[in-house]
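Here's a quick briefing to read alongside the model. Have a look at the fold first, then go through the notes below.

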Amino acid sequence: MTRPLPIAYPNAVISPTPGCRPHLLRLIACLFPAAFVTLAPAAETPTLVHHESVLTRDGIPLATTVHLPDESSPDHPAPFPTILIRTPYNKDAVAGFARDGTRRGYAVVAQDTRGRFASQGDNLPFHLDGPDGEDTVRWITQQPWSNGLIGTWGGSAAAITQFQLAATGTRAVTAQFLVVGAPNLYDVVYTGGIFRKSLIEDWLRATQFATNALSIWVGHPVYNTYWRQRDASRYYGRMRAAAVHVGGWWDIFAQPTLDAFVGYQNHGRPGARGRQQLLMGPWTHGVLQARAGELAFPGGDRPPGDLHDAWRWFDRILKGLDNGADRDPAVLYYTLGDVTDPSAPGNVWRTADTWPPLPFHATRLFLHGDRTLSFQTPSASPPLRFTADPGNPVPTLGGIQLTLPAGPRDQRPIESRDDVLVFSSEPLQEPLEITGPVRARLWIASDGPDTDFFVRLCDVYPDDRSFNLCEGMLRARFRQGLDQTQPLVPNRVTRLDIDLWSTSVVFNRGHRLRVHVTSSSAPGFDPNPNTGAPFRADTRTRIATNSVWADPKRPSHLILPLVRPR
C-alpha cells in the first residue's frame, strides 16, 4: 500500500493515485505553501468547527467546513472577516491554515469544489467555478458569524478558482492572495495553441478527475466559446479585490501571473485598480526555493520584506490594521545572474512601481545565416532548413513544466540535434540586462499545411553550459489568432510572432546569448503531426521540412527588453 503524502500542515494528507509520479504529488502538496503565512504563537485558542452543505443555484450541494474563533474570546469578537478557500485538492488539507486563521480572529471556510471529495456534481476541473464561488460567497455573507468582508487564498488550482470567482464581479471579496495561478484556462491547457501534454495528462491522471475530462479539453483546441466562458482575463473590469500575485520565472503560469497583476492593477474596479502587488522569484511551480532546475540562486528563497506573508495582507485589507502592507512597492522581483561568480551583477531582489519596470528599450537581436546572433541587421543568406519528425521529436529539457524536470537545465544534449537551429552571440564584453517581455518574429515556410515553431532564449556560461531562460511556441495555424485557424500555404514564406513570456536577467561579462529555433518539445508539448488535420482527429503523421529566413528583407529576430546599465 502506498502511504499518503504529508503536505504543508499537520494532519493533512493527499492520497496518491496508483501509478502516478511521486514528484507530481510533492508538487500538489506544495500548492498550499506554509511559507506564505506567518504562523501564530503556539498557544492554542479554542476553535469551533462545523460542517455545512452549501447549495448552488442548480441544486448541487458543496461540502464546506467552517472554522470559527471562540466567540467568547475578548480579542476576536464576532462577527468575523472570512478567508475562503475553494479547492479541488480536499478541503481537509488546509486544516492547519484554518486553525491559524481562527487564532488570528478570522472565520476560515474551506470547500471542496464541485464533484471533488465530499462535494457532489460532475467531477470536471474548474467546472462552474465562478457561479459556485459566487453562491458560496453569498451564503457566507448571510451567516451570523460573518461581518461581510471576505478574502480568498490558495495556490495553483486554488488560485485559478479565485480568478474564476473574481470574474463574477462579486462585491464581498475585497482581498485575494493568488499563488501561481492563471486567469485564462485556455492558457493552462494550450500555449500558443499547442497542447501541454505532460502537464495536463499527468495532472488529470494524478488528481483523478472524471475520465472524460481529457476528451473535453482535447475537443476544444481553438479558443472558442467554451474557453471564453472560462477566461477570467476578459473581466478585469469587474475585479474588485486588492490582491497579491505570486509567480516564478520558470513557473507553468509565469506569464499569466504577470498578466493578471497588470490586468487587475490597470483595468480593475476601484477596489482593485492601483491596489495590486506582485512577487516574482527565481522559481518553478514550487515557490520560495533557492534552487530551480540545475541552478541555485543566492537569496532566491528569501525575498525581502513581508510581501509573502498572506496574513499581513489580510490584516491590512480585511481588518484595516495599519501595518504598512499596502505601502510596500507594487512589484518585487528577482533579477537572475551568473550563479558561479559572486561578484557578478544580478542575483538580487529589486522593486518597481509597475510591470514591466520602466524604462526599457525594445531592441532587436537578429538571427544570422551563419548561426550567429547580433544587434546588426543580417546580410543576404539562404534560408536555414531542418526537418520536423513527429515520430522523433526534440526532447523537453526543463522550462515551464509541472510533472517533468523543470527550470533552467543545460541544453547541450539537444543543441547537437539537426532539428534544432542554434544561434549564438560573441562573448559579451560588458554585462547586459534584459527585464520584461521577450518576443520573437520569424519569417518561416514549411512544405506542409501546418507545423509548430519553438523559440528559446539561453544564457551560455564560459564553460559552454547553456541554460534556458524563457521560451515561446506557436502552432502555425494559429498565427492570425488563437480563436481561428488558417493552414499554411506549402513553401510560402509567412511571418510568425511568438511570445517567449518574460524574464529578468543580467548576462555576465564573458557569457553568450543563444537562441534555439525548432519545431517540437516532447513530451512537454504534443508534437504536431504536420498534416493539417484537426487536433487528434487521426493518427496520421508526416515529416515536414521547415525553413527560417535571416536576411535583410526577412530579418528573423528576437525583441529584447534591454535595460541600460544601472
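**Around Ser425**

Leaving out residues up to four places away in sequence, Ser425 touches Leu373, Arg512 and Leu513, where contact means heavy atoms within 4.5 Å. Bear in mind that this is a predicted model: local features need pLDDT of at least 70, side-chain atom pairs count only at pLDDT 80 or more, and totals for chains, interfaces and linings use all residues. Residues are numbered from 1 along each chain as its sequence is written, and side-chain values use heavy atoms, with hydrogens and water left out.

- Ser425 sits in the loop between strand S20 (420-424) and strand S21 (432-446); helices (H or I, at least four residues) and strands (E, at least two) are DSSP runs, numbered from the N terminus.

**Overall build**

- The protein has 11 helices and 27 strands.
- Its radius of gyration is 24 Å, close to the 24 Å that the globule rule gives for 566 residues, so the protein is as compact as a globular protein of that length. That radius is taken over C-alpha atoms, and the rule is 2.2 Å times the number of residues to the power 0.38.
- Along the principal axes, the C-alpha atoms of the protein fill a box of roughly 80 × 55 × 50 Å.
- Buried residues account for 62% of the 566.
- Take the contacts between residues at least 6 apart in sequence: 75% of them join residues at least 24 apart.

**Nonpolar cores**

- The largest nonpolar core has 111 residues, and Phe314, Leu457 and Leu558 have the most contacts inside it. Such a core is a set of buried Ala, Val, Leu, Ile, Met, Phe, Trp, Tyr and Cys residues joined through side-chain atoms within 4.5 Å.
- Apart from that core lies another, of 16 residues, including Phe80, Trp139, Ile140 and Ala172.
- Setting aside neighbours within four places in sequence, Leu457 has contacts that include Ile434, Phe467, Leu500, Phe507, Arg514 and Leu558.

**Helix H2**

- Eight of the nine residues of H2 (residues 95-103) are buried, so this helix is largely enclosed by the rest of the structure.
- Among those buried residues are Phe97, Asp100 and Arg103.
- The buried residues of H2 pack against several elements, including strand S3 (47-55), strand S7 (146-155) and helix H10 (310-319).
- Just after H2, Gly105 takes a positive phi of about 90 degrees.

Key
Buried means under 20% relative accessible area, exposed over 50%, partly exposed in between (1.4 Å probe, protein chains only).
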